[in-house]
Amino acid sequence: MYNPKSPIATEFIDDEEIRDTLRYAEENKDNLELVNRLIDKTDELKGLTHREAAVLLACEDKDALERIFAQATKIKQEFYGNRIVMFAPLYLSNYCVNGCTYCPYHKKNGHIARKKLTQDEIRREVIALQDMGHKRLALETGEEPCQQSNRRRIRRVSKPSIPSNIKMAQSAVSTSISLPQQWKITAN
Ligand code: SF4
């Protein structure tokens with residue numbers, strides 16, 4: 001049963017919901033009344049549901065696409081201005097029990113060296129990145145327990161992670177880091 005607030009992977013990544021969403025987008029991508037209503041809705045700067053976003057992504061109408069691009073530019077300017085926000089990736093470990101074939105870290109790849117950073121190595125890497133001026137880190141790991149890192153001048157830590165790693169990732173974020181983010185890349 002689809003539940004976007006659930007910490008359980010099979011509930012917030014629901015195959016049936018993904019397929020229904022793609023079907024809904026396909027059925028509605030030429031419904032220009034709906035498409036324009038959704039574009040108007042983005043003016044509220046409160047986001048769209050995944051189904052609404054899917055409709056706009058599927059839309060191929062030239063005029064609607066121009067509106068979507070214009071609106072995307074406007075919203076980007078509203079939030080970020082002309083800034084480009086960059087994250088420094090920090091790979092904590094490339095051990096992984098999964099088999100995503102697009103990824104070199106997948107379990108069956110016997111051609112790469114496997115490495116998990118020690119606490120001291122993480123500390124050195126974080127300090128080096130910080131001294132280079134980075135304020136945002138993207139912590140990268142495979143599906144393995146992650147290590148911890150924190151440093152006062154780092155403002156943001158982003159962690160692509162599996163649900164079971166959420167607690168570990170949260171513990172990796174010190175209170176001096178104001179904006180922890182976490183996401184899970186998934187492929188269907
Ligand atoms: S879970 Fe992540 S690290 Fe592991 S194989 Fe998939 S993409 Fe690569």
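Reader: By class, which residues make up the shell around the ligand?

Author: In this predicted model, the shell holds 4 nonpolar, 3 polar and 1 charged residues, where Ala, Val, Leu, Ile, Met, Phe, Trp, Tyr, Cys and Pro count as nonpolar, Asp, Glu, Lys and Arg as charged, and the others, Gly among them, as polar. Local features need pLDDT of at least 70 and side-chain atom pairs count only at pLDDT 80 or more, while totals for chains, interfaces and linings use all residues. Residues are numbered from 1 along each chain as its sequence is written.

Reader: And which residues surround the ligand?

Author: They are Cys-96, Asn-98, Cys-100, Cys-103, Tyr-105, His-106, Gly-142 and Glu-143, a residue being near a molecule if its C-beta atom, placed from the backbone, lies within 6 Å of it.

Reader: Switching topic, what is the mean pLDDT of the protein chain?

Author: The mean is 82, and 77% of the residues reach 70 or more, on the predictor's confidence scale from 0 to 100.

Reader: Which helix has the lowest mean pLDDT, and which the highest?

Author: Among the elements of the chain, helix H7 (residues 166–171) has the lowest, 47, and helix H3 (residues 32–41) the highest, 98; helices are DSSP runs of H or I with at least four residues, numbered from the N terminus. Where pLDDT is low, the predicted coordinates should not be read in detail.

Reader: Which residues of H3 meet H5?

Author: Leu-32, Val-35, Asn-36 and Ile-39 of H3 meet Ala-64, Arg-67, Ile-68 and Gln-71 of H5, with contact meaning C-beta atoms, placed from the backbone, within 7 Å. The residues of this contact divide into 5 nonpolar, 2 polar and 1 charged.

Conventions
Helices (H or I, at least four residues) and strands (E, at least two) are DSSP runs, numbered from the N terminus. Two residues are in contact if their C-beta atoms, placed from the backbone, lie within 7 Å.
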